[in-house]
Amino acid sequence: RLLKMKEFFPESFRLDLKDERNAFFELCKEEQIWICKPSCSNQGQGIFLLKNPAAVNTLQAELHSTEEYLLNKKAPYKAPQARIVQRYIHQPLLLEGKKFDVRSYLLIACTAPYVLFFAQGYVRLTCVNYDAASDDLTVHLTNQYMQRRNSLYSQRKDETVWRMEHFNSYVNENFRRSNGLPKDWVFTVFTKRMQQIMLQCFLAAKHKLDRKLGYFDLIGCDFLIDENFKVWLLEMNANPALHTNCKVLRDIIPTVVHESL
């Protein structure tokens, strides 16, 4: 069964497309949090939060100013930087009070014929407790590149990444009874949902893939779980980070690379 986008993907708009850009600015009139990020970047670079109508108006004015400047200069038209705005999920599930997401892997092992594999990844946590009102990006973004900017990172580095087994045990102990979850929800319901979403995204994009024997790619897929245990796909990353800067990653990443090859 194919999922509807709203079942797994936060409401999103592409700012480089005029219709979607206008639809977003028309929609965003209230106090809501949106996250704005470049379409083709990584490591959390260029990401910022839009937390109120004033911030949205500023962004709209900047985009309009850039467009006007280019038109007045009679320069070849250049669309605003490819960015998306995505509705911020402000009630995420927390682990020990901290925000987290899950990085798992989709290996497109071959495109002629299509061969796909899934690999469990790891859990990425922030250094400090979650506060939706905070202006500190290290509270909101879980990747290691961003967490390194936090002054507590050096002493809490190994606490910012959990094995999936640790995550599964934590969910069993802390949420299973209170939320009516089946035993080992992480390795059953959650894993099947990740696989279902990955497969649907692949089917949507496969016609854009060059088909040639020997072509392959490892995709890093980031999932967030909200407090109702709904699974959201945040993004899919080509060229996922393969750094091994903490203990868990030193075990997981080499295995992912070895098994991919």
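## First look

Buried residues account for 43% of the 261 residues in this protein; buried means under 20% relative accessible area, exposed over 50%, and partly exposed in between, with a 1.4 Å probe and protein chains only. This is a predicted model, in which local features need pLDDT of at least 70 and side-chain atom pairs count only at pLDDT 80 or more, while totals for chains, interfaces and linings use all residues. Residues are numbered from 1 along each chain as its sequence is written, and side-chain values use heavy atoms, with hydrogens and water left out.

The protein has nine helices and 10 strands, which are DSSP runs numbered from the N terminus (helices: H or I, at least four residues; strands: E, at least two).

## An open sheet and its helix

Four strands make up an open sheet in the order 1-4-2-3, with antiparallel pairing; two strands pair if DSSP finds at least two bridges between them. At the edges are strand 1 (12-14) and strand 3 (48-50), each pairing on one side only. From one strand to the next, the twist averages 25 degrees.

Strand 2 (residues 34-38) is joined to strand 3 by three bridges, and Ile-35 stands opposite Leu-49 in strand 3. Helix 1 (residues 18-27) lies across strand 1, strand 2, strand 3 and strand 4 (83-87), running at about 135 degrees to strand 1. Such angles run from 0 to 180 degrees between N-to-C directions, with axes as lines fitted to C-alpha atoms, for helices over the stretch in contact.

## Two nonpolar cores

A nonpolar core is a set of buried Ala, Val, Leu, Ile, Met, Phe, Trp, Tyr and Cys residues joined through side-chain atoms within 4.5 Å. The largest one has 32 residues, and Leu-95, Phe-100 and Trp-185 are among those with the most contacts inside it. Helix 8 (189-205) is one of the elements that supply at least two residues of this core, and helix 8 gives the most, with six residues.

Apart from this core lies another, of 11 residues, including Leu-107 and Val-248.

## A buried arginine

Which strand holds Arg-103? Arg-103 sits in strand 6, and Arg-103 counts as buried because its relative accessibility is 5%. The side chains of Arg-103 and Asp-222 are joined by a polar contact of 2.5 Å. A polar contact is a pair of N or O atoms within 3.5 Å; within protein, one must be able to donate a hydrogen and the other to accept it, and residues adjacent in sequence count only if both atoms are side-chain atoms.

Definitions and conventions
Contact = heavy atoms within 4.5 Å.
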